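Dear colleague,

My notes on what was found in it follow directly after.

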Amino acid sequence: MKKLITLFFLVAGMLLIAFGTTNAQSNYSVIAKAPLANIKNPLERFTATIKFLENADTGEGDAIDSALCIDLQKMATQLKNDSLLAISYNWIYAYFNAKGRTNEAIEYLYKALPLAEKYNDKRRISSIYFDLAGTYAGLGKKTEAIDFLKKGGENLPDKTSPMYDYMLVQYQRYMAFMFLANKQLDSALYYAQISNQTAERLNNNLYKFQTLRILAGAYEEKKEPEIANVYRQKAMAVAQLFKGNLRKFEAYNA
């Protein structure tokens with residue numbers, strides 16, 4: 001049981017990274033970093049920077065660039081746009097969280113939350129709550145993590161939003177982790193299966209890998225190693241599609 005709970009906290013902390021703008025799903029073509037500084041219009045540069053960060057983060061797991069996160073904050077301040085400021089704070093959180101600077105990371109999430117609530121930005125609100133859940137899980141504060149996870153689930157974007165499935169899969173995935181950690185295996189399997197279906201709709205390799213890995217873990221706990229191995233092999237087949245070495249390392253390590 002200790003091993004399983006440790007895995008839950010480890011993966012929760014690793015996977016809940018902040019994501020970018022409300023109209024993005026990490027399926028952009030690659031955007032080079034160098035030309036970003038040449039974009040003079042601050043709103044256009046803000047949007048292009050978000051696209052670059054999302055490609056780096058959800059695609060191949062490249063390190064989050066602190067200078068770009070700070071530039072996001074500067075542009076949002078220049079534009080006097082609190083909605084964009086909430087997004088920039090969410091990305092600054094992601095940088096500090098990746099560096100293990102947890103207190104600073106949490107501080108920026110709490111800065112971002114009231115700004116997102118001001119505009120009733122459900123995509124951003126749910127993202128912040130999921131990030132809080134992952135961070136508190138990484139600290140071993142399971143009760144707080146579950147509370148934040150539930151709040152994120154209560155604040156998903158409308159089903160008509162293009163970001164609905166993108167946020168839904170994160171909620172479903174973490175519900176599966178939570179039930180798996182508690183050895184509530186039927187519930188874990190249910191959420192793992194529907195999260196994998198959502199990942200397939202999104203056609204996102206990272207989420208496909210993660211949800212298949214949860215399915216493998218759930219069947220391992222059910223003492224059904226043959227089925228677990230089927231899902232493990234499917235997960236590794238998806239991992240082969242990652243181009244970057246970091247994502248492949250994370251896959252094999254899992």
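Lys 111 lies over the face of Tyr 108, with 4.5 Å to the ring centre. Lys 111 also lies over the face of Tyr 89, at 5.7 Å from the centre of that ring. Both tyrosines belong to one aromatic cluster, whose members are Tyr 89, Tyr 95, Phe 96 and Tyr 108. Please bear in mind that this is a predicted model.

Aromatic contacts elsewhere

Across the whole structure, a search finds 12 aromatic pairs. One of them joins Phe 179 and Tyr 191, which are stacked, at 5.7 Å centre to centre and with 20 degrees between the planes. This pair links distant parts of the chain: Phe 179 belongs to helix H8 (residues 164-181) and Tyr 191 to helix H9 (residues 185-202), 12 residues apart. Phe 179 counts as buried because its relative accessibility is 13%, under the 20% cut-off. Tyr 191 has a relative accessibility of 18% and therefore counts as buried.

A further pair is formed by Tyr 219 and Tyr 231; their ring centres are 5.7 Å apart and their planes stand at 5 degrees, so the pair is stacked. Since Tyr 219 lies in helix H10 (residues 205-221) and Tyr 231 in helix H11 (residues 225-239), the pair ties together parts that are 12 residues apart in sequence. Are these two residues buried or exposed? Tyr 219, at 11% relative accessibility, counts as buried, and Tyr 231, at 18%, counts as buried.

Helix H3

Helix H3 comprises 14 residues (residues 66-79), and at 1.5 Å a residue it should span 20 Å; its end C-alpha atoms are 20 Å apart, which agrees with that expectation. Its buried residues are Leu 68, Cys 69, Leu 72, Met 75 and Ala 76. Viewed down the axis of H3, these buried residues fall within an arc of 120 degrees, so they line one face of the helix. Lys 74 and Gln 78, on the other side of H3, are exposed.

As to the two ends of this helix, Asp 65 caps the N-terminal end of H3, with a side-chain oxygen 2.9 Å from the backbone nitrogen of Ala 67. After H3 comes Lys 80, which has a positive phi, near 55 degrees.

Yours sincerely

Terms used: Residues are numbered from 1 along each chain as its sequence is written. This is a predicted model: local features need pLDDT of at least 70, side-chain atom pairs count only at pLDDT 80 or more; totals for chains, interfaces and linings use all residues. Side-chain values use heavy atoms; hydrogens and water are left out. Helices (H or I, at least four residues) and strands (E, at least two) are DSSP runs, numbered from the N terminus. The expected span of a helix is 1.5 Å times one less than its number of residues. Buried means under 20% relative accessible area, exposed over 50%, partly exposed in between (1.4 Å probe, protein chains only). The arc is that of the directions from the helix axis to the C-beta atoms. A polar contact is a pair of N or O atoms within 3.5 Å; within protein, one must be able to donate a hydrogen and the other to accept it, and residues adjacent in sequence count only if both atoms are side-chain atoms. Rings of Phe, Tyr and Trp (its six-membered ring) pair if their centres lie within 6.5 Å; planes under 30 degrees apart count as stacked, over 60 as edge-to-face and the rest as tilted. A charge sits over a ring if NZ of Lys or CZ of Arg is within 6 Å of the ring centre and within 35 degrees of the ring normal.
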